[in-house]
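Hi,

Here is the structure we talked about. My notes follow below it.

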Amino acid sequence: MSSVLATVDERMPPLTEAELAWVEELPNRGVEHLGWGVTMRQRAGYHLPDAYYEAMVARLCQSGVTWLDVGCGRDLFPHNRPLAETLAARCGRVVGVDPDDTIDENEHLHERIKQPIDQFESEWMFDLVTMRMVAEHVANPRAALERVARHTRVGGKVVVYTVHRWSPAAVAARWTPFGWHHSIKRVLWRTEEKDTFPVVYRMNTRRQLAAWFAEAGFVERHFEHLDDCRTLARFRGLHRCELALWRGLKGVGLHYPETCLLGVYERREGAQAI
């Protein structure tokens, strides 16, 4: 794994409380009374994994950048449309690639390409590539990252936000029939059936991501595990228990069992696409 890791001086600084607070405040701007879930999490000092991803993208999405969102579906940020509007307006161009029909509903894209990433072709080179909850669905990482590398400028960044392969929910998803997945997700998170897709988990540990990105000509600039206390967030009492367990584990230096991954990978000078 060392071949993909940046030196200490090359690694990106951690996200700050100010960066996290800014993205979390946008959806609640002008709201007189915050929901009980938001209030509960604020009192616990807990930031959702989505906030870390959104804050990282906001940091990298400077004025005029070209941005490719892989597997974008209907929203750049499903729970933060104000941020999507802000960043899309900031960019020189935003392109989405996704084989699913939900891409037609994404109003923040300048260009929609309805095809799998391993077939992607564009005249554009991108400063920023994002893969939000996509890596777990990629059956052929080598082919997918070959296309990503081909369209990423030298010095450009790829942000990967995905579930951890060994999180309880991911383990359960591997061992339950796919036909059950939507029913379970609908109870827990009120998702729609068209937003449920097969999972393979071939890019869902730090080691797996490091190996695939090194082969594609990237170096890891940032990586962290994000505690994910959202499984029971629909249910007030159970969500309070989730946050209490998170605080207890954090107090003794342990991660919450349910975990997401956030990695940033930079295209290297002189690297050849695989």
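Is arginine 153 buried, partly exposed or exposed? It counts as partly exposed, at 36% relative accessibility. Keep in mind that this is a predicted model.

**Salt bridges**

The structure holds 21 salt bridges. Arginine 153 is in one of them, with aspartate 127. Their closest N and O atoms are 3.0 Å apart. Aspartate 127 sits in strand 4 (residues 126–132) and arginine 153 in strand 5, so the pair ties together parts 26 residues apart in sequence. Aspartate 127 is partly exposed too, at 26%.

Arginine 221 and glutamate 266 meet at 2.3 Å, N to O. The cut-off for buried is under 20%. Elsewhere, salt bridges with shared partners join Asp50, Arg132, Asp228 and Arg230 into one network.

Arginine 93 pairs with glutamate 111, with 3.3 Å between the closest N and O atoms. This links strand 2 (residues 93–97) to strand 3 (residues 111–113), the two residues being 18 apart. Arginine 93 is partly exposed at 21%, and glutamate 111 at 24%.

**Cores**

The largest nonpolar core has 35 residues. Met56, Val57, Trp67, Phe77, Leu87, Val159 and Leu262 have the most contacts inside it. Helix 3 (49–60) is among the elements that supply at least two residues each. Helix 3 gives the most, with 8 residues. Another core, of 27 residues, lies apart from it; Ile117, Val134, Val148 and Val160 are among its members.

Tryptophan 67 touches residues including Val57, Phe77, Leu87 and Phe126. Arg93, from the salt bridge with glutamate 111, is also one of its contacts.

**Asparagine 80**

This residue is in the loop between strand 1 (66–70) and helix 4. Asparagine 80 is buried, at 1% relative accessible area. A polar atom of its side chain lies 2.9 Å from the backbone oxygen of valine 23. Asparagine 80 also touches Leu26, Pro27 and Glu54.

**Helix 8**

Leu209, Ala210, Phe213 and Ala214 are the buried residues of helix 8 (residues 206–215). They fall within an arc of 125 degrees seen down the axis, so they line one face of the helix. Their cover includes helix 5 (141–150), strand 5, strand 6 (218–227) and strand 7. Just after the helix, glycine 217 takes a positive phi of about 95 degrees.

Best wishes

Key:
Residues numbered from 1 in each chain as written. Predicted model: local features only at pLDDT ≥ 70, side-chain atom pairs only at ≥ 80, totals over all residues. Heavy atoms only, no water. Core = buried A, V, L, I, M, F, W, Y, C linked by side-chain atoms within 4.5 Å. Buried < 20%, exposed > 50% of the residue type's maximum accessible area, 1.4 Å probe, protein only. Helix = DSSP H or I, 4+ residues; strand = E, 2+ residues; numbered from the N terminus. Contact = heavy atoms within 4.5 Å. Polar contact = N/O pair within 3.5 Å; in protein donor to acceptor, adjacent residues only side chain to side chain. Arc of directions from axis to C-beta. Salt bridge = Lys/Arg side-chain N within 4 Å of Asp/Glu carboxyl O. Lists of a residue's contacts leave out its neighbours within four places in sequence.
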